[in-house]
Amino acid sequence: MGKKINRSYILVCGVLVLLCMGLIYAWSIFVGPIESDFGWTRTQTSMTFSISMLGFSIGGLSAGYIQKAKSPKFVVTLGAVLLLAGFLSCSQIHQLWQLFVFYGVFCGYGVGLCYNVWLGTTLANYNDKTGFASGWLLMGFGLGGFILGKAASAMLYSPLGWRKTFIIIGIIVFILLIVTLPLLVVPEKNDSTETTVSAGNDYSPSQMLRTPAFWLYLIWCMILLGVGLAIIGQAAMFTIDTGASPAFAATAVGMLSIGNGASRVVLGIVFDKKGRPTATLTSAILTTAGIILLTIGYVAHSLPTVVIALFLCGFGYGAISSVNPASTRLIFGGTNFQKNFGMIFVLSSPAIFIGNSVSSVVKTATGSYMLFLYGAIIVSIIGLALTLLVEKAIKKI
């Protein structure tokens, strides 16, 4: 057996890898230059992001099954090759379908593979501090689009252009994934970090699907993540409708991203110190409070209130995103974590698309987000109430 690797190194590399994987959320920065070159409309190009999110979900689900047959390193290597091929091919596109395939399928699926394996492997090394590790990892993932998106945007509008930018990103991501492969080490079962936190609760995906707790927990995730991502997707427009300039709107969206990233670490610590029920309830309360405050600011045309509300909405969304993997591992066990978490991710993804679509449809039909915001308040309150039902169901398994 080789020399034991310090788990701190695994966590640091995990954060860096997920930071790069989070760039998948920054698709919107590529849209302008590509549309300008080919004359494509936003309706045509918007399908790219939807396909990439679907690929991400399927990649996350299949990662656990491929890893079972092969190894974590094999899965990440496969993901690295797909990402390199995807970004390099994007630099050569001339037709819209090529964008769907190379960015949507190749890059989306590759990110899903690498994301799930690095998340699962790192958490396996932090069984005693699941929330802490999950928080840091997902902070990296959440801030990837914000931090690296700015760097990519600078390259896009430089003499490099979007084609060379795709090439550079592909090469950098590939090198990082390959260089960090030696740190993908799953601890032995008797590792000192192993605890009895999930003893007796090691569910296979099929066993998990047969528990009422799973379906209640899934609905909870669908409700709060769906409404949270809908707010994130329209954040700039909320601010502009309130009277802000596009530049100020960008700053407001930045505040949302900061809240999104910071909350993942904060709620991770709450998860470890106060327990999963407290962290879960806190994330639901924060999301609901943020949406209520956003509605108040939108109605009153109060920019300071909207900015604070967006920060709070980002904080709530990040909190739920942080609690989700840690809760999945704690409730249903670590043995099949990647498969189980992938299952939750795939099954909850339709609600994410629905929330964002509904907000856009309401805005187009009425010229305002008011009806959407009132509906979002009702939905988030339902999610908050459902938190208590989820806890009762979990106690029975």
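In which loop does His-301 lie? In this predicted model, where local features need pLDDT of at least 70, side-chain atom pairs count only at pLDDT 80 or more, and totals for chains, interfaces and linings use all residues, His-301 lies in the loop between α12 (276-300) and α13 (303-332). Residues are numbered from 1 along each chain as its sequence is written, and side-chain values use heavy atoms, with hydrogens and water left out. Helices are DSSP runs of H or I with at least four residues, numbered from the N terminus. Although His-301 is not a glycine, its phi is positive, at about 55°.

When residues up to four places away in sequence are not counted, Thr-180 touches Cys-13, Val-17 and Trp-118, where contact means heavy atoms within 4.5 Å.

For helix α7, the 19 residues should span 27 Å at 1.5 Å a residue, and the end C-alpha atoms are 27 Å apart, which agrees; the expected span is 1.5 Å times one less than the number of residues. Among the buried residues of α7 are Gly-161, Trp-162, Thr-165, Phe-166, Ile-169 and Leu-177.

In soluble globular proteins, nonpolar side chains tend to be buried together. A nonpolar core is here a set of buried Ala, Val, Leu, Ile, Met, Phe, Trp, Tyr and Cys residues joined through side-chain atoms within 4.5 Å. The largest such core has 60 residues, of which Met-21, Phe-30, Leu-83, Leu-99, Tyr-103, Trp-118 and Leu-177 touch the most other members. Helices that each supply at least two residues of this core include α1 (7-21), α2 (28-38), α5 (96-124) and α7, and α5 gives the most, with 14 residues. Phe-30 touches Tyr-103, Leu-156, Thr-165, Phe-166 and Ile-169, not counting residues up to four places away in sequence. Apart from this core lies another, of 23 residues, among them Met-208, Ile-223, Leu-224 and Leu-225.

Leu-224 is also in contact with Ser-380, as are Thr-288 and Ile-291, when the neighbours of Ser-380 within four places in sequence are left aside. Ser-380 is found in helix α15 (residues 370-395) and is buried, with a relative accessible area of 0%.

The largest cavity is lined by Phe-56, Ser-57, Gly-60, Tyr-115, Asn-116, Phe-341, Gly-342 and Phe-345. A cavity is a set of points, on a 1 Å grid over the protein atoms alone, where a 1.4 Å probe fits but cannot get out, and lining residues have an atom within 4 Å of a point. Helices α3, α5 and α14 each supply at least two residues of this lining. Phe-341, found in helix α14, counts as buried at 3% relative accessibility. Leaving aside its neighbours within four places in sequence, Phe-341 is in contact with Tyr-115, Leu-119, Asn-324, Pro-325 and Thr-328. Phe-341 and Thr-328 are 13 residues apart in sequence and 6.4 Å apart in space, C-alpha to C-alpha.

Key
Buried means under 20% relative accessible area, exposed over 50%, partly exposed in between (1.4 Å probe, protein chains only). On a 1 Å grid over the protein atoms alone, a cavity is a set of points where a 1.4 Å probe fits but cannot get out, and a pocket is an open set with protein on both sides within 12 Å along at least five of seven lines; lining residues have an atom within 4 Å of a point.
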